[in-house]
Amino acid sequence: MSAITGLTTREVEARRAAGQTNRVELTTSRPYADIIKANVLHPVNIVLYVIGASMALVGDVRSAVTTVALVLFNAAVGILQETRAKRQLDAIALLARAKVEVMRDGQAQQVDPSELVLGDVVVVRAGDQIPVDGRILDDGRIEVDESPLTGESDLIQKGAGDEVLSGSFCITGQALVEATRVGEGSFANAITKDARTFKQELTPLQRQVSQLLRVLLLIVLFFTFVAVVGIVVLNIPIRVWLQILAVVTGSVSAGLLVLITLNYAWGAARIGRQGALTQQMNAVESLSNVTVLCTDKTGTLTTNKIRYHDVHPLGMAKDELKALLGDFAASASTHNKTSQALADGLPGVRRSLADEVPFSSARKWSGLAFDDPGDGGRPPRCGAYVLGALEMLEPALAAGVDAATREAVRQASDQGLRVLAFAGNPEATALHDASGEPTLPPLALLGLVTFTDELRPHLPETLRAFADNGVRLKVISGDNPATVAALARQAGLPGDLKAVSGPELAAMSPAEFAQAATESDIFGRVSPQQKEALVTALRAQGDYVAMIGDGVNDVLSLKKANLGIAMESGSTATRSVAAIILLGDSFEAMPPALAEGQRIVASIHDILKLFMATVFALLMLIPAIASLELGFPFTALQNVLLSFFTRGAPPFVLALTAAGVAARLQPSLKRNLLHFTLPASILLFAFGLLIYTGAFFSIQNDLAQIAVTPDMLAGMERILELDPGALTPSGFNRAATLLTAQTALLTFFVLTGALLMVFVQPPVEWLAGGAKVSKNWLPVLVAVVLVVAYGAVLAIPGLRNFFQLVLLPASYYLVIIGATVAWAVLLQLAWRRRVLERFLSLEEV
């Protein structure tokens, strides 16, 4: 190898100028511009920007600023979370990027992998990741682990003229490799070239929320159109039209999006402390929707390391066999994963050797010939001993292999253990023939050695948590299906496992392939393209698929899955397309993340149930009161109080206190809205209309007296675009009547909003008609605080006047409280007897 000098500096510069470099535009994470664009220019945000701009154009700057500020806050939370993830991923990629040694001008140089060019001669040693596709020069011999590319964990021997692939690892040996394909043309980059763009996958809940908001936007557009017609036909003042628009657009509150975004941010922060990094805000919630969890084996379920398990002596004492194996491992001049595991598990003494044959994946055995006379208290050690696959040693075993030994091997394999045979000949002194080729002398079988694959930390409890939540588990690997199945059992996959191989999949029709994807649990000898096809087939059948992987061979399937999860030690390409990164390659964060995702779903359901109950009732009240020519339910300032006491504080509390429910037990959003929200909205509308009209006509007919202050009248003059002092006596009475009706309606909505918060998370059974008992008393406490706070607003003249409210007679408050109680009783009956579902014949929704 010393005669090979590599390229000259001039040749390197020429090839770099010709674009024949190893530089690839493979981002380690999302660009900042994409993160900002996705969060700031969300479609719903754009609509809210337009509404805010409209408010500003007609003079309501305060409402415009509030609306846009909430939208920008929502965007800022998303940007901060995703930027944090980007910085951490970029740091991981920087630490993982090692220099490579290349021969140039006859000298070895250290360069960045991106600086390699076509034709460069790269020095590859044990432990190095091969940075380019190439061929081995001269007499170099190495053993390569291609599992990041193919999923197969067996080592592959490479010699002079053999091709090596970028992304694979050199395990043993040393060689000079001439780069034959670099950059986009290399094998690893060819696999990932179609999967480098970041993909935002909306969850089912996000799609449902988006649809709901779009329906509300259509309703807003309808009311806006009617209001515009009213301006022309009825000569409604612009400011009155603005008040109507402000109240109606409150139903598409940016505050709802803020609460949802905060839920996602809290979830990401919580599992971040557990050891998982989220690239997408919705990743944690997405995990709770998973119905099928697919995972790679090598490097994902396992650490790609093995551990010594036990020895099973055949014809000698167990302690004697352990001592012999310990000396065997300690005396080897080179180690692979098996010999290292043996050395770690069995202490031994380094002995003098007469001969040695290192392990080879082609031979599947390694051997030593001892020639150690011993000294001190150490006994002598002589003879040839071999460790390898039983089927490879069997031809040299003089006594053959009996049925009991074969059965022991089978049982150990069924338990997911790796089994090797240990054989020896105390009289033999050599392991090579006359021509220098490795050869086995006549051997006697001394025992069996079992090893376990080292599983990732916290893997069994993670798989158990998903199985307990009804998630189907599938292992997809490039390894032999039997090996994968055995490892899956060791990892704790439950039940009888059905396995299928890649060649079998290749021979299937599309219908058979789809059936196999659903019914099988283990997939072995599959290609990266088949992994992607399996995920596609599962998604086509309605499954919500999560894929866990670490190697380049997993990139396509991670991109195709609803949710991609990568190991921190995985390839840069794998991490860049994943939504969740498991830091430290530990599954410890997965069970908490699953529970947190369930909590987020339950929380958003609770928020929407409460939020939409008030919105639906308000959207029914507006046209009803307008058709009766009784004014408008609320002024813009009153709507601020309505938003805080019914759609602000209560949903925020529910977001903090929601408890997770397993996905299979969580009712759909449609069912929740139908069962909980619609009955509450209909009864809110009915009782609200009665209270509003009752208060309106009682004042109009002088059945009660209301004190209206000059400040309130001045405010009403501004609303009606009247000059100061221009309000006539009839106008005064009309204003007093309208403010009374509005105050009465607002008071009813505040009381019922507080009760709805309790009904969403009922602490006791007798309050649990619309939801399951939570045993959480915090909503009750908050409900009391909110009612007291609203009472303070009414009692303090400055606040009361600012929000354009009036102090009602005591009898009015008693009537409102009585109506609230009646509303609550009727609502509990409607929930318990499922009145609406029965009426609509939708009990099975």
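Helices, of at least four residues, and strands, of at least two, are DSSP runs, numbered from the N terminus. The model worked on here is predicted.

**Exercise 1. Describe the protein chain as a whole.**

Step 1. Count the elements. The protein chain has 31 helices and 22 strands.

Step 2. Turn to burial. The protein chain has 845 residues, and 55% of them count as buried.

**Exercise 2. Work out the strand order of the eight-strand sheet and find its edges.**

Step 1. Recall how sheets form. Strands pair through backbone hydrogen bonds, either parallel or antiparallel.

Step 2. Write the order. The eight strands run β9-β22-β21-β20-β10-β17-β19-β18. The sheet is open, and its pairing is mixed.

Step 3. Find the edges. β9 (276–278) and β18 (499–501) each have a single partner strand, so one side of each lacks a neighbour in the sheet.

Step 4. β18 pairs with β19 (residues 522–524) in the parallel sense, over three bridges. There, Ala 499 has Ile 522 in β19 as its bridge partner.

Step 5. α17 (residues 481–491) lies across β17, β18 and β19. The angle of α17 to β19 is about 140°.

**Exercise 3. Explore strand β10 and its partners.**

Step 1. Sort the side chains. β10 covers residues 292–295. Val 292 and Cys 294 point one way, Leu 293 and Thr 295 the other. All are buried.

Step 2. Take one partner. Four bridges link β10 with β17 (residues 472–476), and the two run parallel. Thr 295 stands opposite Val 475 in β17.

Step 3. Take another partner. β20 (residues 545–549) also pairs with β10 in the parallel sense, over four bridges. The bridge partner of Thr 295 in β20 is Ile 548.

Step 4. Follow the chain on from β20. Asp 554 lies in the loop between β20 and α21 (555–560). Asp 554 counts as buried because its relative accessibility is 0%. Not counting residues up to four places away in sequence, Asp 554 touches Asp 296, Lys 531, Met 547 and Gly 549.

**Exercise 4. Describe the six-strand sheet.**

Step 1. Write the order. This open sheet reads β11-β16-β15-β14-β13-β12, with antiparallel pairing.

Step 2. Name the edges. β11 (302–313) and β12 (353–360) each have a single partner strand, so one side of each is without a neighbour in the sheet.

Step 3. Examine one pair. Eight bridges join β11 to β16 (residues 444–455). Arg 307 stands opposite Thr 452 in β16.

Step 4. α15 (residues 403–414) lies across β15 (418–425) and β16, at about 5° to β16.

**Exercise 5. Classify how helix α25 packs against α30 and against α23.**

Step 1. Start with α30. α25 (residues 669–700) and α30 (residues 810–832) pack at about 155°, with axes 10 Å apart. Angles over 145 degrees count as roughly antiparallel. Therefore α25 is roughly antiparallel to α30.

Step 2. α25 and α30 cross in a right-handed way.

Step 3. Class the contact residues. The α25 and α30 contact has 18 nonpolar, two polar and no charged residues. Among them are Phe 676 and Leu 683 in α25, and Trp 823 and Leu 826 in α30.

Step 4. Move to α23. α23 (residues 590–627) packs with α25 at about 40°, with axes 8 Å apart. That angle makes α23 oblique to α25. The crossing is right-handed.

Step 5. The contact of α23 with α25 has 19 nonpolar, six polar and one charged.

Conventions:
Residues are numbered from 1 along each chain as its sequence is written. This is a predicted model: local features need pLDDT of at least 70, side-chain atom pairs count only at pLDDT 80 or more; totals for chains, interfaces and linings use all residues. Side-chain values use heavy atoms; hydrogens and water are left out. Buried means under 20% relative accessible area, exposed over 50%, partly exposed in between (1.4 Å probe, protein chains only). Two strands pair if DSSP finds at least two bridges between them. Axes are lines fitted to C-alpha atoms, for helices over the stretch in contact, and angles run from 0 to 180 degrees between N-to-C directions. Angles under 35 degrees count as roughly parallel, over 145 as roughly antiparallel, 65 to 115 as roughly perpendicular and the rest as oblique. A crossing is left-handed if the near helix is turned anticlockwise from the far one by less than a right angle, and right-handed if clockwise. Contact means heavy atoms within 4.5 Å. Ala, Val, Leu, Ile, Met, Phe, Trp, Tyr, Cys and Pro count as nonpolar, Asp, Glu, Lys and Arg as charged, and the others, Gly among them, as polar.
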